[in-house]
Amino acid sequence: MSTSTTTTASPPGQPVGVGRIIDRTSAPVSRGLPRVVEFRGVAKTYNVGGPKEFTAIRDVNFFVEDLPEKGEFICVLGPSGCGKSTILRLIAGLPPQHPATEGEVLVLGERVTRPGADRGMVFQDYTSFDHRTVLENITFGLECRGVRRAEREELGLKWIEHVGLDVANDAHKYPHELSGGMRQRVAIARTLILRPRIILMDEPFGALDPQTRMNMQDLLVSLWHEVHATVFFVTHSIEEAVFLGDRVYVMGRAPGTILRELVLEPADRPARVMQRDPRFQETVSYIRDLISQLEEQGNVKDGGTTS
Ligand code: ADP
């Protein structure tokens, strides 16, 4: 680690509010558990060899271990265009982000070759089928898996309740009859009903008003405690990342790479209460300053030095 720091933020390894900053230059600490997701020296260049060739991410290295009966909630933060969605979609195995140009993307120890049932994705834009009711949307994946109608409807109705929708009133509504928040509840239910080991969420609450957004964050925390999955959650909102994340990866501008990692205390209160805590605000301010530096000065290198 370099000693000549030009940042005003706390140095790596230091506690900051509800978090602790991990120095990305040191080897990640392994607990010796199986790895749910691992990136080894991953780079992605779009339009290779063409006039629009562009390297979106480079040198991305991390692993997330499989915490038994818990899973980990990873938030990915960084300036727009730094490659957050690229990372998420590489895990999902979705082209054109998949395959990586360099390095290896591993899920449960195997190289990712395509999307799979072990990974479920929730996007920002409402991706329900317009011609299907709430219940039919939520049970779509089960239908594809050949689950009998009675069984999938029983499970579907449970999930309608789990995500805070009203079985009697909402089950047979169509997407155009729902608010944005309700549609995202449907999207979450549709993914979680399939019990994926890994849940990939790309700005899922980005289009919601602040109050609905906080309600959805609380809902997500309570659902996550039930499903014990590993979650990768891309967001622009620092508050959202600090509230939801067990760990936050902060990326620098394209070609993006992970420059800081914060380990955070778990969300133990509703979002609107926790966000008022001065320690929470301290962590948010640290990350806000860091991202401003990344945007204004170019990438901050590992260890706190600027280039
Ligand atoms: P973020 O999610 O952080 O906003 P993305 O991963 O979506 O960033 O994109 C990273 C960079 O890669 C951006 O500059 C974007 O324009 C570029 N990019 C993303 N997808 C493609 C693509 N299919 N073809 C060319 N460039 C792309």
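A polar backbone atom of Gly83 lies 3.0 Å from an oxygen atom of the ligand, a polar contact in the sense of a pair of N or O atoms within 3.5 Å. This is a predicted model, in which local features need pLDDT of at least 70 and side-chain atom pairs count only at pLDDT 80 or more, while totals for chains, interfaces and linings use all residues. Residues are numbered from 1 along each chain as its sequence is written, and side-chain values use heavy atoms, with hydrogens and water left out.

**Ligand contacts**
- From the side chain of Lys84, a polar atom lies 2.9 Å from an oxygen atom of the ligand, and a polar side-chain atom of Tyr46 is 3.5 Å from a ligand nitrogen atom.
- The ligand taken alone exposes 560 Å², of which the protein buries 66% (accessible areas by the Shrake-Rupley method with a 1.4 Å probe).

**The shell around the ligand**
- The ligand is surrounded by 14 residues, the closest being Gly81, Gly83, Lys84, Ser85 and Thr86, where a residue is near if one of its heavy atoms lies within 4 Å.
- Both β4 (54-65) and α1 (84-92) supply at least two residues of this shell, and α1 gives the most, with 3 residues.
- Helices (H or I, at least four residues) and strands (E, at least two) are DSSP runs, numbered from the N terminus.

**The protein chain**
- The chain contains 10 helices and 12 strands.
- Of its 307 residues, 52% are buried, meaning under 20% relative accessible area (1.4 Å probe, protein chains only).

How values were computed
A polar contact is a pair of N or O atoms within 3.5 Å; within protein, one must be able to donate a hydrogen and the other to accept it, and residues adjacent in sequence count only if both atoms are side-chain atoms. Buried means under 20% relative accessible area, exposed over 50%, partly exposed in between (1.4 Å probe, protein chains only).
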